[in-house]
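Dear colleague,

I am passing on the structure that you will be working with, and below it I have written out what was found in it. Please read the notes with the model open beside you.

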Amino acid sequence: MKIFIGIFLVTLSFLIFSFNKKENNPSTAQQFIEVLGIAQDAGYPQIGCTKQCCADYWSGKETKKYVSCLALVDNETNEYWLFDATPNITEQLQMLQSSLQNKNQYSPTGIFLTHAHMGHYTGLMYLGREAMNTKSVPVYAMPRMKNFLETNGPWNQLVHLKNIEIHPLVNDSMVAINKNFSVKPLLVPHRDEYSETVGYIVQSKKKKVLFIPDIDKWEKWNKNIVDEIEKVDFAFIDGTFYQNGELPGRNMNEVPHPFVEESIRKFSGLSAAEKSKIYFTHFNHTNPLLKNKSPEKDRVKQLGFNVAEEKMKIAL
Ligand SMILES: [Zn+2]
Ligand SMILES: [Zn+2]
Ligand SMILES: [Zn+2]
């Protein structure tokens with residue numbers, strides 16, 4: 001009898017162990033976030049750059065990097081959402097194919113836009129008549145972003161032809177997108193020429209993810225980034241420039257971002273567990289974190305932070 005109880009307990013613990021492993025393993029998880037791009041709006045290599053950073057790509061030493069984008073995938077319901085529509089959307093949807101249970105599902109279930117800078121919304125053009133000609137893809141946008149798309153060509157043609165259907169968002173309000181996920185926009189300070197700028201919180205039944213690809217400086221935000229990181233399980237945040245002076249001959253106050261070095265200092269007092277939630281992304285072509293290998297990338301990782309990589313997945 002004791003032997004049977006023993007075998008039963010061993011089998012039970014093995015089943016629980018495998019179940020947990022399956023749940024937390026990004027390669028077998030049904031629900032996950034996949035990184036589809038890590039570069040700043042202009043991508044890598046950057047047009048016209050003759051410096052070493054981009055020469056390394058043209059001479060074959062470095063690989064291409066797509067513009068900052070996350071996909072939220074739910075293989076239980078065969079749905080997926082994009083966070084931003086980038087100029088690399090064609091390659092990014094192809095990259096995502098191998099992770100989708102339902103193959104040949106190219107048209108996204110929905111798209112959440114952060115703001116009207118070129119890397120974050122111009123991919124919408126590939127949903128139009130000249131390209132995929134989608135049918136009423138829900139595009140979630142804040143009021144100014146929505147108005148911008150509805151009142152300017154060529155974007156308003158996507159609206160008129162019903163390639164997209166714009167769903168208005170309200171700052172700090174959750175939207176349930178299916179039975180497993182909700183999404184909440186958070187306004188952030190940024191160069192708001194054409195639209196406001198938001199970051200997003202993605203919430204599953206068990207996990208929360210923060211995504212802020214663009215923000216001027218942490219200090220200008222009405223929320224404390226350290227508190228916000230504490231509330232989530234993963235945070236993909238603006239790492240555009242590694243350090244001050246990275247753009248020689250250009251006033252970096254015109255394109256403000258938290259330098260990765262500044263963020264590292266700001267987060268230096270956090271516990272190892274808090275630091276490990278942080279993934280830097282949205283790298284300028286000049287940023288050494290964009291490279292496949294660099295001493296700066298090693299340093300950031302040694303300090304306990306993460307650097308986002310294309311095809312990286314986190315289970316939700
Ligand atoms: Zn950007
Ligand atoms: Zn360059
Ligand atoms: Zn921007």
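**The zinc sites**

The zinc ion (ligand 2) is held by Cys49 (SG), Cys53 (SG), Cys54 (SG) and His285 (ND1), at 2.1 to 2.4 Å, where donors are N, O and S atoms within 2.8 Å of the metal (3.2 Å for Na, K and Ca), and where sites may look incomplete since water is not among the atoms. The angles among its four donor atoms run from 101 to 128°, and the site is tetrahedral, a word used for four donors if all angles lie between 85 and 135 degrees. For orientation, the ideal angle for four tetrahedral donors is 109.5 degrees.

Along the sequence, the donor residues of this zinc ion (ligand 2) follow the spacing C-x3-C-C-x230-H. Cys49 sits in the loop between strand 1 (31–37) and helix 2 (52–58), and His285 in the loop between strand 12 (278–281) and helix 10 (295–302), so the pair ties together parts that are 236 residues apart in sequence. Helices (H or I, at least four residues) and strands (E, at least two) are DSSP runs, numbered from the N terminus. Both Cys49 and His285 are buried, where buried means under 20% relative accessible area, exposed over 50%, and partly exposed in between (1.4 Å probe, protein chains only).

Before going further, please note that this is a predicted model, in which local features need pLDDT of at least 70 and side-chain atom pairs count only at pLDDT 80 or more, while totals for chains, interfaces and linings use all residues. Residues are numbered from 1 along each chain as its sequence is written, chains are lettered from A and ligands numbered from 1 in the order in which they are written, and side-chain values use heavy atoms, with hydrogens and water left out.

Distant parts of the chain are linked by a pair of them, with His115 in the loop between strand 4 and helix 4 (118–121) and His190, 75 residues apart from it, in the loop between strand 8 (182–187) and strand 9 (198–203). His115 is buried, with a relative accessible area of 1%, and His190 also counts as buried, at 7%. The zinc ion (ligand 3) and the zinc ion (ligand 1) are separated by 3.6 Å.

One open sheet has seven strands in the order 6-5-4-3-2-1-14, with mixed pairing; two strands pair if DSSP finds at least two bridges between them. Strand 6 (164–168) and strand 14 (313–315) stand at the edges with a single partner strand each, so one side of each is left without a neighbour in the sheet. The twist averages 20° from one strand to the next, with axes taken as lines fitted to C-alpha atoms, for helices over the stretch in contact, and angles running from 0 to 180 degrees between N-to-C directions. Strand 5 (residues 137–141) and strand 6 run parallel and are joined by five bridges, and Pro138 has Glu165 as its bridge partner in strand 6.

Another open sheet, also of mixed pairing, has seven strands in the order 7-8-9-10-11-12-13. Strand 8 and strand 9 run antiparallel, joined by six bridges, whereas strand 11 (residues 234–238) and strand 12 pair in the parallel sense over four bridges. From strand 12, Ile278 and Phe280 point one way and Tyr279 and Thr281 the other way, and all are buried. Phe280 is the bridge partner of Ile237 in strand 12, and Phe280 in turn has Val307 as its bridge partner in strand 13.

**The nonpolar cores**

Which residues have the most contacts inside the largest nonpolar core? In this core of 57 residues they are Leu72, Phe83, Phe112, Phe236, Phe267, Phe280 and Val300, a nonpolar core being a set of buried Ala, Val, Leu, Ile, Met, Phe, Trp, Tyr and Cys residues joined through side-chain atoms within 4.5 Å. A second, separate core of 30 residues includes Tyr80, Ile111, Tyr121 and Phe148.

With best wishes

Note on methods:
Four donors count as tetrahedral if all angles lie between 85 and 135 degrees; four count as square planar and six as octahedral if opposite donors are over 155 degrees apart and all others between 65 and 115; anything else is irregular.
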